[in-house]
Structure formats: C-alpha cells, structure tokens
Amino acid sequence: MEDGPPLILRQAQHEDAPCLAVLATQVFMDTYATGGVRPTMAREVLSAYSTAAFESALAAENTRLWVAEVDAHLVGFAQVRLDQAHELAPAGRPAELLRLYVQEPFTGRQVGTALLRQAELLARDAGAAVLWLTPWVHNARALAFYARRGYADHGLTWFHFEGESHPNRLLARMLAAPLHAV
Ligand SMILES: CC(C)(COP(=O)(O)OP(=O)(O)OC[C@H]1O[C@@H](n2cnc3c(N)ncnc32)[C@H](O)[C@@H]1OP(=O)(O)O)[C@@H](O)C(=O)NCCC(=O)NCCS
C-alpha cells in the first residue's frame with residue numbers, strides 16, 4: 001500500500017460484527033445491486049449481512065474470519081468455512097472462501113491479495129487441501145482476480161435465494177501446491 005497508515009490484518013473478534021455487517025452490506029450492494037434494489041434482495045441482505053449473522057459466524061467452530069484495517073477502520077475481510085464440500089470442487093479436503101470483500105475506495109491496493117493469501121494460509125493450516133469459491137458469472141473483476149492467482153474454473157453452479165437462481169462459477173485452487181507461485 002502506498003504512503004499512509006499501514007494495512008493491518010488480524011483475526012476478527014466478536015466486537016467487529018457491526019462493522020463487518022455494514023461493510024459487507026455496502027460491498028454486496030455495490031457488487032450485486034447494480035440495477036437498483038428489489039424486495040428479495042433487500043430481505044436477503046438484511047438477513048445474511050446482519051450483525052447477528054456475523055456474530056454467529058464468529059462463534060462458529062468451522063469459520064475463520066480475518067479483517068483488514070487501515071487507521072483503525074475496517075476496509076475488507078475474508079471469511080472461510082472449513083470442511084465445506086461442493087460437488088464441483090476437485091478432490092481433497094475442502095474449505096470454502098465464502099466472502100472476500102474489499103471496500104471500493106481500497107480496491108486496487110493489494111488488500112484483496114493480502115486477504116486471499118491469509119485465507120489460503122488459514123485453510124491450509126486447518127488441514128484443507130482445496131480452497132473453492134463461487135463468484136457470480138457477471139463479476140468480471142473477481143473472475144480475473146482469482147484467475148491471476150491460480151484459481152481454476154470447474155464449472156457452472158447456482159446460487160438460490162428467495163426463489164431466485166443466479167449463475168456462479170466454481171473456482172478452486174489446490175493448497176498443497178507452493179502458495180502464490182503464479
Ligand atoms: C475482487 C476483490 C476482492 C479484489 O480486491 P482488491 O483489493 O482490489 O485486490 P488487489 O488490489 O489485490 O488486486 C486487484 C487487481 O486489479 C488491479 N486494479 C488496478 N486498478 C484497480 C482498481 N481501480 N480497482 C480494482 N482493481 C484494480 C490491480 O492491479 C490488481 O491486478 P492483478 O490481479 O493483476 O494483480 C475486490 O475487488 C472486491 O472486494 N470486490 C467486490 C466484492 C467481490 O466481488 N468479491 C469477490 C467475490 S466473493
């Protein structure tokens with residue numbers, strides 16, 4: 001990161017839940033609500049990105065959640081779910097990168113790369129051999145970001161909520177290989 005307060009990565013705490021909820025909501029809306037807001041989306045966001053939802057994730061045995069901070073402000077986070085299988089993921093003990101979110105003013109400054117590296121280390125240290133994720137097919141920036149970091153495309157999958165179905169790609173990387181060799 002350029003001159004200015006340093007980027008700090010640390011494990012998320014229970015007290016981070018409100019900031020995580022607000023940042024996640026903002027990044028989700030910036031990324032997916034590009035055509036405005038509809039009721040199904042509003043209900044999904046208010047439920048999946050609530051403070052309570054993050055408090056619950058922080059307390060979950062199978063979840064690893066790290067935050068990126070600049071000047072004591074949350075600017076991004078990575079959320080990993082251990083032992084989360086997916087039928088399209090390659091063989092090996094799996095972990096899911098459920099979310100990698102960077103606040104828009106901090107994108108393009110290596111925050112995402114640092115959080116992804118941390119997520120890979122966390123998953124590998126917990127015994128995972130594969131880290132997979134399911135970005136939206138229209139999220140070109142994310143698809144290019146992961147492709148450049150060694151994530152292979154394993155096919156089409158669907159995200160269902162509130163009676164809607166949205167196409168995603170299943171991307172995965174083997175963690176046993178030397179990290180960040182690409
Ligand atoms: C995808 C995402 C996590 C990347 O985070 P980031 O902090 O921008 O990542 P980095 O800065 O480490 O790398 C971004 C890449 O885009 C390039 N870039 C250049 N200008 C940029 C800009 N203005 N904005 C974003 N990226 C830019 C960077 O140089 C870098 O290129 P590289 O892949 O060749 O190294 C972030 O854009 C994001 O949170 N998007 C919204 C949520 C999302 O889509 N998450 C992923 C799906 S779960």
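Helix H4 covers residues 111-125, and at 1.5 Å a residue its 15 residues should span 21 Å; the end C-alpha atoms lie 21 Å apart, which agrees. The expected span here is 1.5 Å times one less than the number of residues in the helix. Helices (H or I, at least four residues) and strands (E, at least two) are DSSP runs, numbered from the N terminus. The model is a predicted one, in which local features need pLDDT of at least 70 and side-chain atom pairs count only at pLDDT 80 or more, while totals for chains, interfaces and linings use all residues. Residues are numbered from 1 along each chain as its sequence is written.

Which residues of H4 are buried? They are Val 111, Gly 112, Leu 115, Leu 116, Gln 118, Ala 119, Glu 120, Leu 122 and Ala 123. A residue is called buried if 20 or more other C-beta atoms lie within 10 Å of its own, exposed if 12 or fewer, and partly exposed in between, with C-beta atoms placed from the backbone. An α-helix has 3.6 residues a turn, so residues three or four places apart point the same way. The cover over the buried residues of H4 includes strands S1 (7-11), S2 (63-70), S3 (73-82), S4 (94-102) and S5 (130-133), together with helix H5 (140-147). Just after H4, Gly 127 adopts a positive phi of about 100°.

Turning to the ligand, 19 residues surround it, and the closest are Val 102, Thr 107, Gly 108, Gly 112 and Thr 113.

Met 174 sits in strand S7 (residues 164-174). With 15 C-beta neighbours inside 10 Å, Met 174 counts as partly exposed. Leaving aside residues up to four places away in sequence, Met 174 touches Pro 90, Gly 92, Ala 129 and Val 130; contact requires C-beta atoms, placed from the backbone, within 7 Å.

Overall, the protein has 5 helices and 7 strands, in the order β-α-α-α-β-β-β-α-β-α-β-β along the sequence. Its radius of gyration is 16 Å, close to the 16 Å that the globule rule gives for 182 residues, so the protein is as compact as a globular protein of that length. The radius is taken over C-alpha atoms, and the rule is 2.2 Å times the number of residues to the power 0.38. Of the 182 residues, 30% count as buried.

Technical notes:
Two residues are in contact if their C-beta atoms, placed from the backbone, lie within 7 Å. A residue is near a molecule or strand if its C-beta atom, placed from the backbone, lies within 6 Å of it.
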